[in-house]
Amino acid sequence: MGDPVVVDRYPLELTVNGRRVRREVPGSRTLLECLRGDLRLTGTNLACDTGDCGACTVLVDGRPATACLILALDVDGAEVTTIEGLAARWHVRSHDRPPALHPVQQGFLEEGGAQCGFCTAGMIMAAAGLLEATPEPSEIEIRAGLEGNLCRCTGYVKIIRAVQLAAERMRVARREA
Amino acid sequence: VSPSKGRLGTRESAGLAGAAASPPPARPFRVIGTRVAKLDAVEKVTGAVQYLPDLELPGMVWGKILRTRVPHARITRIDTSRAEALPGVLGVVTGRNVAQRPFWPSRLTSCAASVTRSPPWPPRPRRSRRRRAG
């Protein structure tokens, strides 16, 4: 009675946005808590905390995943990309100097794909993951790729246009490279 | 299509009107008909935007709400001693250590508690059958 609660911590090693990080974390810590709390990367948002809304989507080893449903220790050793590191990821793939924005970010900016912005980081990460797996998606493939991400502002049309614009620009950039 | 209507519409429709009635050439607008990025769009697409849960202020403390596991229950006693003894806990707030300022439903019930018989809350179904029948 009255004793402090002792929580076991375990070593965790991740590569987050190209940077190797080591932490000791409790077994119950989610990847999202780890990113937002331990690493102060608050661009990834916490909304439903049950994997329904997609606001916490990040890339784990290049594939979109809802960080709220993943225990950090389950992805020990993984390479994680968040919205903060997305532009640099595009840079690694095709440019000499890092651009300020990934083409998907630029697309959302130009097409008005971001309104209140709360779903935007997750939406952009899901779209970026989609374009890595499917570089030239049809509209249906874009919709399917973003089906796990909810947006209550835009009505999705501008988001889909943003992804189409990004896909087109990335296609041109690849051809020029 | 009248020239004035053409000017209100898009440039394309103004062009169509021009073919028929040659209105003055549409003046290029600086904002209307152009794409204007939202002022905070860059913050939003880069994740730099700060929402309330992202803020951390000097001296900020964290709170946690403990909810009942029993619906519609009456609180008889809350033992906060173990929670207060935990390291780092600044305080435990219950109904006992906040000022009681009853508002709408709870105010009604607290007034009714002294008179009792029929509590005004929850409201009972109105009997209006007789009036409707007449």
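Q: How many salt bridges cross the interface of chain B and chain A?
A: Three, by the rule. A salt bridge is a side-chain nitrogen of Lys or Arg within 4 Å of a carboxyl oxygen of Asp or Glu.

Q: What kind of model is this?
A: This is a predicted model: local features need pLDDT of at least 70, side-chain atom pairs count only at pLDDT 80 or more, and totals for chains, interfaces and linings use all residues. Residues are numbered from 1 along each chain as its sequence is written, chains are lettered from A and ligands numbered from 1 in the order in which they are written, and side-chain values use heavy atoms, with hydrogens and water left out.

Q: Back to the interface. How many residues of chain B are in contact with chain A?
A: 18 residues of chain B, with 25 residues of chain A. Contact means heavy atoms within 4.5 Å.

Q: And what area do the two chains bury?
A: About 1700 Å² between them, with 55% of it on carbon and sulfur atoms. That is the accessible area (1.4 Å probe) that two parts lose on being put together, summed over both.

Q: Which residues of chain B lose the most area?
A: B:Lys44, B:Val45 and B:Tyr51, together 32% of what that side buries.

Q: New topic. How many residues are in the largest nonpolar core?
A: It has 32 residues, and A:Val104, A:Phe108 and A:Leu131 are among those with the most contacts inside it. A nonpolar core is a set of buried Ala, Val, Leu, Ile, Met, Phe, Trp, Tyr and Cys residues joined through side-chain atoms within 4.5 Å. Buried means under 20% relative accessible area, exposed over 50%, partly exposed in between (1.4 Å probe, protein chains only).

Q: Which element gives the largest share?
A: α4(A), with nine residues. Helices (H or I, at least four residues) and strands (E, at least two) are DSSP runs, numbered from the N terminus.

Q: What does A:Glu110 form a salt bridge with?
A: A:Arg169, the closest N and O atoms being 2.8 Å apart. The pair links helix α3 of chain A to helix α6 of chain A, 59 residues apart.
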